[in-house]
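Please consult the sequence and structure shown here before reading the points on the ligand site and the pockets.

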Amino acid sequence: EKGGYEHFMLKEIFEQPKALRDTLAGRLNHDHVVLQEVDLTPKEVALFNKVAIVACGTAYHAGLIGKGLIEHWAKIPVEVDIASEFRYRAPLIDDKTLVVVISQSGETADTLAALRESKKKGARVIAITNVVGSSVAREAHDVIHTWAGPEIAVASTKAYTTQIEGMILLALYLTQAKGTMPKEWITEIISELGKIPDKAEIILKEGAERIKTLARYFEEVGSAFFIGRGLDWAVAQEGSLKLKEISYIHAEAYASGELKHGTLALITEDTPIIALATQRDLYEKTVSNVIEVKARDAKVIGFTFEGNTDFHKSVNEIFYIPETVNELAPLLTVIPLQLLSYYVSVARGNDVDKPRNLAKSVTVE
Ligand code: BG6
């Protein structure tokens, strides 16, 4: 049932081109997206003064990307909360709030409670979930299904990338309704989005062996850092969680610009750094942060777009990602990070698919 792969996690990483394709199927038109399951008029969208995204774990990290996109494209303020925090902080939501809950299983207790609380307060609730007929799918007003197929490994991979697609589709849907972006831009983003599954395939075909060799940087270390700015920072948080979950190496994600406000003290030659540099408008700033960590003798593994002929000078190792627009980069950048965690976990002899102390779905508080 592992289809020739050694672990479910590796199988699911390699299933991403298909999962990404299936989740986009029927939803992309030349210059607009179609979300049949979401039933909002432009008038209703115009009344939202806030979007609140709520989720746990990896799904929360997909929410962080959603915030970046919805604010940037649809110009609606967005809050992202961890569900167990949202529930108990008396969030300020009402009938002018669009709440988006994200859950692979659709059964996570805290996420479900947040959904119920939001409905009680009069908010409109959209769910992004991978399980048809799950509690979250049944109780939300609208559902955007991700079509990743069953995910068995505890560490989420294809669910995450398809959740990001769900967020992209929703962000474009809201943008269309609000008319906040010229049609030509929407057309370009949609055209680029359609090419993402093939590019994911290229990374898997051409990059997996290279990532395997980079895993050696992590075999002996006790701690690692993931740094980036903007959407790269959101991906860094997911990359860091993946490494922690299955390799048991302590890892932290840091907004690159925040390093010098404390964390640099922890960076030594024994702390490998994963530096993400896909956001073109933030590139120069990211490079200056990489120079700061290199000055502490840290080994830096850089991730950037193929067209970048400069970044390799600032890092010890480089991994190139096929080019796409800034906003879609997370869909690709995370794939080599998933592979990296996988190979490190295997090298350390861990139980990759069933990491210690973790469950796939947490249906109790
Ligand atoms: C955790 C899982 O318990 O729940 C994570 O170990 C997952 O992988 C999180 O991201 C949220 O789960 P779900 O099903 O609500 O997306």
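The model is a predicted one. Its ligand sits in the largest pocket, where 13 residues surround the ligand. The volume of this pocket is about 530 Å³, and that of the second largest pocket is about 310 Å³.

**Surroundings of the ligand**

- Among the 13 residues around the ligand, the closest are Ser103, Gln104, Ser105, Thr108 and Ala359.
- Divided by class, this shell consists of five nonpolar, six polar and two charged residues.
- Helix H4, which spans residues 57-74, makes the greatest contribution to the shell, with three residues.

**Backbone contacts and burial of the ligand**

- Gln104 places a backbone N or O atom 2.6 Å from an oxygen atom of the ligand.
- For Ala359, a backbone N or O atom is found 2.9 Å from a ligand oxygen atom.
- At Thr58, a polar backbone atom is 3.0 Å from an oxygen atom of the ligand.
- The ligand taken alone exposes 400 Å², of which the protein buries 90%.

**The largest pocket**

- The volume of about 530 Å³ is lined by 23 residues, and those closest to the pocket centre are Cys56, Gly57, Thr58, Ala359 and Lys360.
- At least two residues of the lining come from each of H4, strand E3 (97-103), helix H6 (109-120) and helix H10 (231-247).
- The lining comprises nine nonpolar, ten polar and four charged residues.

**The second largest pocket**

- This pocket, with a volume of about 310 Å³, has 15 lining residues, and Gly68, Leu69, Gly230, Leu231 and Gln279 are the closest to its centre.
- H4 and H10 each provide at least two residues of the lining.
- H4 accounts for the largest share of this lining, with five residues.
- By class, the lining divides into six nonpolar, six polar and three charged residues.

**Elements found at more than one site**

- H4 supplies at least two residues to the lining of the largest pocket, gives five to that of the second largest pocket, and contributes three to the shell around the ligand.
- H10 supplies at least two residues to the lining of the largest pocket and at least two to that of the second largest pocket.

How values were computed: Residues are numbered from 1 along each chain as its sequence is written. This is a predicted model: local features need pLDDT of at least 70, side-chain atom pairs count only at pLDDT 80 or more; totals for chains, interfaces and linings use all residues. Side-chain values use heavy atoms; hydrogens and water are left out. A residue is near a molecule or strand if one of its heavy atoms lies within 4 Å of it. A polar contact is a pair of N or O atoms within 3.5 Å; within protein, one must be able to donate a hydrogen and the other to accept it, and residues adjacent in sequence count only if both atoms are side-chain atoms. Accessible areas come from the Shrake-Rupley method with a 1.4 Å probe; for residues, only the protein chains shown count as cover. On a 1 Å grid over the protein atoms alone, a cavity is a set of points where a 1.4 Å probe fits but cannot get out, and a pocket is an open set with protein on both sides within 12 Å along at least five of seven lines; lining residues have an atom within 4 Å of a point. A molecule sits in a cavity or pocket if more than half of its atoms lie within 2 Å of its grid points. Helices (H or I, at least four residues) and strands (E, at least two) are DSSP runs, numbered from the N terminus. Ala, Val, Leu, Ile, Met, Phe, Trp, Tyr, Cys and Pro count as nonpolar, Asp, Glu, Lys and Arg as charged, and the others, Gly among them, as polar. Grid points are joined across faces, edges and corners, and a volume is the space filled by probe spheres set on the points.
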